[in-house]
Structures are given as structure tokens and as C-alpha cells.
Amino acid sequence: ECLYAVNIAPFIEVKMFAPQSQYDSNQIAHITNDPVLINSYGQNVTHWFLQNYIGSAKQHYGWLVSCYQHCNFNVSTWDNITIDNYDISQAQIAAWFDNSTFGNLLYQNHTYPCAACC
């Protein structure tokens, strides 16, 4: 299998912090523009992320946002998002130093389109 995160995450023994969008603009743009189907896609991404990344090792942390964007983050967008009073930088630091109040996941959990950032 290819060395994608989904395949190697269970074998990584160091802390990892993965920012992920439920509604990846790069993928969705090639699939549909129907909000119902996009929300279904987001549910699938969330299920995968929880099961195969967060659930694969206790030292994995995640930042799951509901914004329509791709991994080449628009820094100003990501810096303006807070989940449970954490911005992404604060969440990374809390995770790294085992000082988080959020367990292993901060999850924005909005349907598409997300009023907070779409």
C-alpha cells in the first residue's frame, strides 16, 4: 500500500496533530455541488478520521473543521477559527504538552456550508 497517512498512522509512535476539513474543496469540486451530497461526504470524512486516525493511536490529535477548504491552508482562515475556545496554535501546543482539555479531538461539527468560515 502507498505511504498515505491512512495507512501509516497506526504505526506512528510519536505525537501527531492533523488539521483536516470535513469538506475538502479539492475533492468536492470534482464530485458535486449538491449540499446534501456534500454533507454526506463530510460525514464519511468524519467517520474515517475518527476511526482510522484518532482511533488508531492514543497519541494522535486532530483539528476537524467544517470549512470548505483544502490542506494548503489559507493561514488567515485557519487562524480565525476557534473550537471550544482553542485556535489551531493553542490546540497544537496543548496537545504536544499533554495539557489539553479536549481529549484527542477538537471538532467544529457544522453542516455545509458552515456560516463560521464558508
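How many aromatic pairs does a search of the whole structure find? The search finds five, where rings of Phe, Tyr and Trp (its six-membered ring) pair if their centres lie within 6.5 Å, and where planes under 30 degrees apart count as stacked, over 60 as edge-to-face and the rest as tilted. The model is predicted, and local features need pLDDT of at least 70, side-chain atom pairs count only at pLDDT 80 or more, and totals for chains, interfaces and linings use all residues. Residues are numbered from 1 along each chain as its sequence is written, and side-chain values use heavy atoms, with hydrogens and water left out.

**View A. A cluster of tyrosine rings.** Ring pairs join Tyr 23, Tyr 68 and Tyr 112 into a cluster. Within it, Tyr 23 and Tyr 112 make a tilted pair, with 5.6 Å from centre to centre and 55 degrees between the planes. Because Tyr 23 belongs to strand β1 (residues 16-24) and Tyr 112 to the segment after β3 (105-107), this pair ties together parts that are 89 residues apart in sequence; helices (H or I, at least four residues) and strands (E, at least two) are DSSP runs, numbered from the N terminus. Tyr 23 is buried at 2% relative accessibility, and Tyr 112 is buried at 19%, buried meaning under 20% relative accessible area (1.4 Å probe, protein chains only).

**View B. Lys 15 and Trp 96.** The charged end of Lys 15 sits over the ring of Trp 96, 5.6 Å from the ring centre, a description that requires NZ of Lys or CZ of Arg to be within 6 Å of the ring centre and within 35 degrees of the ring normal.

**View C. The largest pocket.** The largest pocket has a volume of about 330 Å³, and of the 20 residues that line it, Pro 19, Gln 20, Asp 24, Gln 27 and Trp 48 are the closest to its centre. A pocket is, on a 1 Å grid over the protein atoms alone, an open set of points where a 1.4 Å probe fits, with protein on both sides within 12 Å along at least five of seven lines, and lining residues have an atom within 4 Å of a point. Strand β1 gives the most to this lining, with six residues, while α1 (5-8), β1 and α3 (35-53) each supply at least two.

**View D. His 60 in strand β2.** His 60 lies in strand β2 (residues 60-69) and is buried, at 0% relative accessibility. Its side chain reaches the backbone oxygen of Tyr 53 at 3.2 Å.

Definitions and conventions:
Buried means under 20% relative accessible area, exposed over 50%, partly exposed in between (1.4 Å probe, protein chains only). Grid points are joined across faces, edges and corners, and a volume is the space filled by probe spheres set on the points. A polar contact is a pair of N or O atoms within 3.5 Å; within protein, one must be able to donate a hydrogen and the other to accept it, and residues adjacent in sequence count only if both atoms are side-chain atoms.
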